[in-house]
Amino acid sequence: MAWRGAEAVALLVVLASLVFLALRTLPGDPAALILGDQASAAELSALRARLGFDRPLYVQYAHYLRGLLTLDFGDSLRRPGVRAAARVFEALGPTGELAGLAVAMGSVVGITSAVLAVGPWLGAGRRHVERAFVVVASTPLLAFAPLLTYVFAVRWRVLPLPGDPDAGFLGLVFASALLAVPLSAHVARIGRAALQDVSGAPFLTVVRAKGGSFARAWFLHGLPATSGPIVTTIGTQLGALLGGAVVLERLFERPGLGTLILESYASRDLPVLEASVVAAGSLFVATQAIAGAVHAAIDPRVRS
């Protein structure tokens with residue numbers, strides 16, 4: 001665990017360093033991009049001094065790393081007096097709710113679908129379910145999210161618009177369900193393949209010989225044995241999940257980390273942009289670590 005923690009910290013430092021270099025070494029004057037072409041030389045000089053761009057690059061990098069350790073990225077350029085980290089923490093709440101509920105829904109639906117596709121309940125219909133997994137997993141979120149929103153929220157009016165401020169928890173559930181659709185398909189595909197590999201294992205035969213039902217054999221004995229690929233898939237899909245959250249938040253005008261990244265990029269609010277990208281990377285790394293811990297807790301072979 002200590003080694004994995006060190007790897008996670010090293011990965012975050014590399015990510016933060018890439019963000020630092022990308023915003024400071026790419027062609028163009030960041031101060032001119034922020035203030036525009038009409039800014040005077042004095043205004044540009046003052047902003048460079050405020051952001052530290054007038055210092056040597058190694059001094060800027062040392063100051064940046066020190067701020068990274070203390071979560072101090074400076075003040076927002078568009079909201080003077082408001083810390084960049086405070087804006088990121090404010091945006092993490094809605095994004096965490098959206099992504100967390102999507103992971104829970106996608107995992108439950110995907111695992112259940114995988115067991116149904118392997119077990120004897122669907123008969124020959126398993127082939128259609130498997131094909132549906134492939135179709136859904138290969139369909140971009142932007143292709144079906146507007147369509148499903150039109151059908152359920154506009155045409156049939158059985159669900160509120162996800163971006164409606166008055167939608168409340170039901171709007172959050174609808175948005176999370178849209179985000180969970182591709183995740184559930186990926187989990188179902190990998191879970192079905194993993195369960196298929198252990199379908200002829202002796203321990204499942206013993207469970208059935210002792211009178212255990214198919215549901216008991218698959219859910220209580222088959223799933224723990226295949227937890228590795230399933231948990232790994234859920235963890236690795238976080239990057240796509242965060243990308244989908246950016247799309248949904250922008251599509252439905254929902255507050256969150258994705259909306260903040262796009263807004264800070266459009267307004268050239270560099271401190272907020274740096275803090276947002278580092279926070280997104282931290283979420284990804286933390287999820288990978290949690291997935292590894294859950295895998296070890298479920299499968300004793302990982303701890304041996």
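Me: Which residue meets Arg83 in a salt bridge at 2.5 Å, N to O?
Reply: It is Asp75, whose side chain meets that of Arg83 at this distance. Please keep in mind that the model is predicted.

Me: Is Asp75 buried or exposed, or something in between?
Reply: Asp75 counts as partly exposed, because its relative accessibility is 27%.

Me: What else does Arg83 pair with through its side chain?
Reply: The side chain of Arg83 also meets that of Asp72 in a salt bridge, at 2.0 Å from N to O. Both residues lie in the loop between α4 (57-69) and α5 (84-118), so this pair ties together parts that are eleven residues apart in sequence.

Me: How accessible are Arg83 and Asp72?
Reply: Arg83 is partly exposed, with a relative accessible area of 36%. Asp72 is also partly exposed, at 37%.

Me: How many salt bridges does the structure hold?
Reply: The structure holds four. One of them joins the side chains of Arg87 and Asp269, at 3.8 Å from N to O. That pair links distant parts of the chain, 182 residues apart: Arg87 is in helix α5, and Asp269 is in the loop between α13 (257-266) and α14 (270-298).

Me: Are Arg87 and Asp269 buried or exposed?
Reply: Arg87 and Asp269 are both buried.

Me: Changing topic: how many helices and strands does the chain have?
Reply: The chain has 15 helices and zero strands. Its C-alpha atoms fill a box of roughly 85 × 55 × 30 Å along the principal axes.

Me: What share of the residues is buried?
Reply: Buried residues make up 39% of the 304 residues in the chain. The chain exposes about 16,300 Å², and carbon and sulfur atoms supply 66% of that area.

Me: Which residues of α7 are buried, and what covers them?
Reply: The buried residues are Leu141, Phe144, Ala145, Thr149 and Ala153. Their cover includes α8 (168-197) and α12 (238-251).

Me: What follows α7?
Reply: Arg157 follows α7, and its phi is positive, near 60°. Asp166 is found in the loop between α7 and α8. Asp166 is exposed, with a relative accessible area of 72%.

Me: How many residues are in the largest nonpolar core?
Reply: That core has 19 residues, and those with the most contacts inside it are Leu98, Leu141, Leu178, Leu179, Leu241 and Leu248. Helices α5, α7, α8 and α12 each supply at least two of its residues. The largest share, six residues, comes from α8.

Me: What does Leu241 touch?
Reply: Leaving aside residues up to four places away in sequence, Leu241 touches Ala99, Ala102, Val103 and Leu179.

Me: Finally, what does UniProt list as "transmembrane region"?
Reply: The unreviewed UniProt entry lists residues 98-122, 134-156 and 168-188. In the model, residues 98-122 are 84% helix and 0% strand, with end C-alpha atoms 32 Å apart. Residues 168-188 are 100% helix and 0% strand, and there the end C-alpha atoms are 30 Å apart.

Me: Which residues does the domain annotation cover?
Reply: In the unreviewed UniProt entry, "domain: ABC transmembrane type-1" covers residues 92-295. That span is 80% helix and 0% strand, and its end C-alpha atoms lie 26 Å apart.

Notes:
Residues are numbered from 1 along each chain as its sequence is written. This is a predicted model: local features need pLDDT of at least 70, side-chain atom pairs count only at pLDDT 80 or more; totals for chains, interfaces and linings use all residues. Side-chain values use heavy atoms; hydrogens and water are left out. UniProt positions are given in the numbering used here, feature names are shortened, and annotations may be inferred rather than shown by experiment. Helices (H or I, at least four residues) and strands (E, at least two) are DSSP runs, numbered from the N terminus. Buried means under 20% relative accessible area, exposed over 50%, partly exposed in between (1.4 Å probe, protein chains only). Contact means heavy atoms within 4.5 Å. A nonpolar core is a set of buried Ala, Val, Leu, Ile, Met, Phe, Trp, Tyr and Cys residues joined through side-chain atoms within 4.5 Å. Accessible areas come from the Shrake-Rupley method with a 1.4 Å probe; for residues, only the protein chains shown count as cover.
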